[in-house]
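Please read the points below with the model open.

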Amino acid sequence: MNDRRRQRSGNPAVRGGAADPKAPAKAPVPRPQPKVRTTGRAPGGMFDDALEIPAAGLTYPQLLRVPGSAWWRSLLGVACGLALFLLLTTVINQAIVFGFWAVGSPQTPYGDYVAAANRFETPVGMLGANLGLATLIVICAVLMPLVHRVNPRWLISVESHLRGRYFAICLALGIVAPVLIQGLSMLVEGVPVIKLNDHFWLFLIVIILTSPLQAAAEEVFFRGYLLQALGGVMKTPWFGIVTSSLIFALFHGVQNPALFVDRFAFGLLAAILVWRTGGLEAGIGAHIANNVLAYLLAGLTGTISATRGIREIGWENAAFDVGGFALFGLLAWLVASRLKLPRTVPPSP
């Protein structure tokens with residue numbers, strides 16, 4: 001480099017006679033990365049990576065028909081689910097009742113306290129029963145990944161999440177339809193006399209806070225888990241629909257033919273709705289509205305214990321109940337069609 005060039009240089013080291021700086025090295029050109037094949041797995045971290053994803057096009061009762069599924073897994077899940085149902089609901093219920101007795105009423109004979117609680121003569125009995133049934137959600141959350149290798153969120157819908165707008169509409173419909181039917185029944189039976197139940201305000205708190213949880217848990221177990229597990233035994237959805245509805249009716253205890261038909265029809269219509277709408281939203285909404293309104297009316301008329309102890313009804317009452325839910329089911333199906341909700345698993349994005 002000559003002197004004139006050194007003088008023009010903006011680098012002091014060059015002007016002082018040092019060697020020319022080396023040109024900066026070119027940044028390496030990134031090599032094209034191979035395309036990663038998407039699997040359709042929804043975000044869920046390591047938990048989802050170990051689980052199977054239902055294939056696009058499956059209906060709700062078929063969602064456990066994933067790679068590696070087998071009929072014996074479904075039967076094992078149903079057996080474990082029913083056994084845990086009988087065990088945990090009883091244990092949780094009795095633990096809550098015992099805790100309240102030990103803290104608040106140890107002077108009362110324990111047998112008498114438990115008997116009154118089981119008859120729903122005290123709010124503690126309703127609290128224990130509702131929270132005991134709420135464990136059905138935990139049972140389903142455990143059985144889904146352990147037995148079937150599927151994320152529990154697929155119990156909610158074919159889109160693996162709660163479709164909030166549809167659920168809100170179904171909850172509103174679940175309130176309107178029974179109110180209309182109750183109004184018609186009052187024309188036949190007369191207006192009930194208002195007489196607040198003993199401990200009404202405590203009962204009201206328990207009804208509002210825990211009855212929705214109990215109703216949702218029953219839907220998740222009977223119309224969700226059992227329907228899908230039985231769908232893994234036989235491909236036709238009717239096997240799961242009829243069998244889960246039969247189990248639902250039988251697990252409600254002693255009942256006369258009209259009451260059994262009432263409960264079986266409720267389960268049947270709810271399961272058909274799940275199949276035809278692709279999710280539990282309609283059944284949960286209707287079940288919550290039915291239970292809350294039934295016990296609220298019983299609390300206003302002083303008949304909570306009598307409502308709890310119902311073992312038989314007339315055929316006319318069964319017809320009113322089934323008719324009310326059939327009306328709800330029709331409206332819920334029309335809304336789902338209007339919203340264009342998918343009834344099968346959508347293709348991966």
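1. Which backbone nitrogen lies 3.0 Å from a polar atom of the side chain of Asn151? The backbone nitrogen of Arg153 does. A polar contact is a pair of N or O atoms within 3.5 Å; within protein, one must be able to donate a hydrogen and the other to accept it, and residues adjacent in sequence count only if both atoms are side-chain atoms. Asn151 sits in the loop between α6 (123–148) and α7 (164–189). Asn151 counts as buried because its relative accessibility is 8%; buried means under 20% relative accessible area, exposed over 50%, and partly exposed in between (1.4 Å probe, protein chains only).

2. On the source: this is a predicted model, in which local features need pLDDT of at least 70 and side-chain atom pairs count only at pLDDT 80 or more, while totals for chains, interfaces and linings use all residues. Residues are numbered from 1 along each chain as its sequence is written, and side-chain values use heavy atoms, with hydrogens and water left out.

3. The protein chain has 13 helices and zero strands. Helices (H or I, at least four residues) and strands (E, at least two) are DSSP runs, numbered from the N terminus. Of the 349 residues in the protein chain, 43% are buried. Contact means heavy atoms within 4.5 Å; among contacts between residues at least 6 apart in sequence, 80% join residues at least 24 apart. The protein chain exposes about 18700 Å², and carbon and sulfur atoms supply 67% of this area. Accessible areas come from the Shrake-Rupley method with a 1.4 Å probe; for residues, only the protein chains shown count as cover.

4. Helix α4 (residues 71–104) has 34 residues, which should span 50 Å at 1.5 Å a residue; its end C-alpha atoms are 49 Å apart, which agrees. The expected span is 1.5 Å times one less than the number of residues. Buried residues of α4 include Gly77, Val78, Gly81, Leu82 and Phe85. An α-helix has 3.6 residues a turn, so residues three or four places apart point the same way. The buried residues of α4 pack against α5 (110–118), α6, α8 (200–231) and α9 (237–250).

5. For α13 (315–339), the 25 residues should span 36 Å, and the end C-alpha atoms are 36 Å apart, which agrees. Among its buried residues are Phe325, Phe328, Ala332 and Val335.

6. Val176, Leu180, Leu327, Leu330, Leu331, Trp333 and Leu334 make a nonpolar surface patch of about 590 Å². The elements that give two or more residues to this patch are α7 and α13, and α13 gives the most, with five residues. Leu331, found in α13, counts as partly exposed because its relative accessibility is 32%.

7. Two backbone angles deserve a look. His199, in the loop between α7 and α8, has a positive phi near 60° and is not a glycine; at 45% relative accessibility, His199 counts as partly exposed. Lys340 follows α13 and has a positive phi of about 55° although it is not a glycine. At 72% relative accessibility, Lys340 counts as exposed.

Key. Patches are made of residues with over 30% relative accessible area and no salt bridge: like charges are joined within 9 Å, nonpolar side chains (Val, Leu, Ile, Met, Phe, Trp, Tyr) within 5 Å. A salt bridge is a side-chain nitrogen of Lys or Arg within 4 Å of a carboxyl oxygen of Asp or Glu.
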